[in-house]
Amino acid sequence: MFSADKWIYAFTGLVILILIGMLTGAWRIILYPYLFIIGIGVLLGLWQQLKRKPQLIWVPVSITVLYLILYVWLDVLSLHSPTGGSTLVFGMVPTTALFFLGIWPIAILVSLLYGLTFSSHSDSMQGE
């Protein structure tokens, strides 16, 4: 079995989990496989770069782990209350604050990191 086949099987399994989550109305079964799909997508996007520089494996792994930590934290905060409690963080309820101050900025950082990785790739291609 080729490694591409394994990735397709992994994607298919995760998409099936998401569909099961959609059919049962369980958003956690939708969200967590989706995060792994993001990590695998970033990994496949960096695949050519990773073949040349295997030390860059930390990029997709750290992005996936960071998103998992943030969403698990959001999940724990909203376990007993959708707002995460009555306290305010910068004028927002805790779950909203985590989403606006933690999850969204990380998406921008991931995009910048992704762009920097590919720009270094294009610099090395011009030198060849």
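**View 1. The overall fold reads α-α-α-α-α along the sequence.** This is a predicted model, in which local features need pLDDT of at least 70 and side-chain atom pairs count only at pLDDT 80 or more, while totals for chains, interfaces and linings use all residues. Residues are numbered from 1 along each chain as its sequence is written, and side-chain values use heavy atoms, with hydrogens and water left out. The protein has five helices and zero strands; helices (H or I, at least four residues) and strands (E, at least two) are DSSP runs, numbered from the N terminus. With a radius of gyration of 18 Å, well over the 14 Å that the globule rule gives for 128 residues, the protein is more spread out than a compact globule. Here the radius is taken over C-alpha atoms, and the rule is 2.2 Å times the number of residues to the power 0.38. Along the principal axes, the C-alpha atoms fill a box of roughly 60 × 35 × 20 Å.

**View 2. Tyr 67 and Tyr 71 form a stacked aromatic pair.** Rings of Phe, Tyr and Trp (its six-membered ring) pair if their centres lie within 6.5 Å; planes under 30 degrees apart count as stacked, over 60 as edge-to-face and the rest as tilted. By this rule the protein has four aromatic pairs. In the pair of Tyr 67 and Tyr 71, the rings sit 6.3 Å centre to centre, with 25° between the planes. Both residues belong to helix H4 (residues 58-77), four residues apart, about one turn of the helix. Are Tyr 67 and Tyr 71 buried or exposed? Both are buried.

**View 3. Phe 99, Phe 100 and Trp 104 make up one aromatic cluster.** Look for these three rings together.

**View 4. Thr 95 is part of helix H5 (residues 94-127).** Its relative accessibility is 9%, so Thr 95 counts as buried. Which residues does Thr 95 contact, leaving aside its neighbours within four places in sequence? They are Leu 74, Leu 77, Ser 78, Pro 82, Thr 83 and Gly 84, where contact means heavy atoms within 4.5 Å.

Definitions and conventions: Buried means under 20% relative accessible area, exposed over 50%, partly exposed in between (1.4 Å probe, protein chains only).
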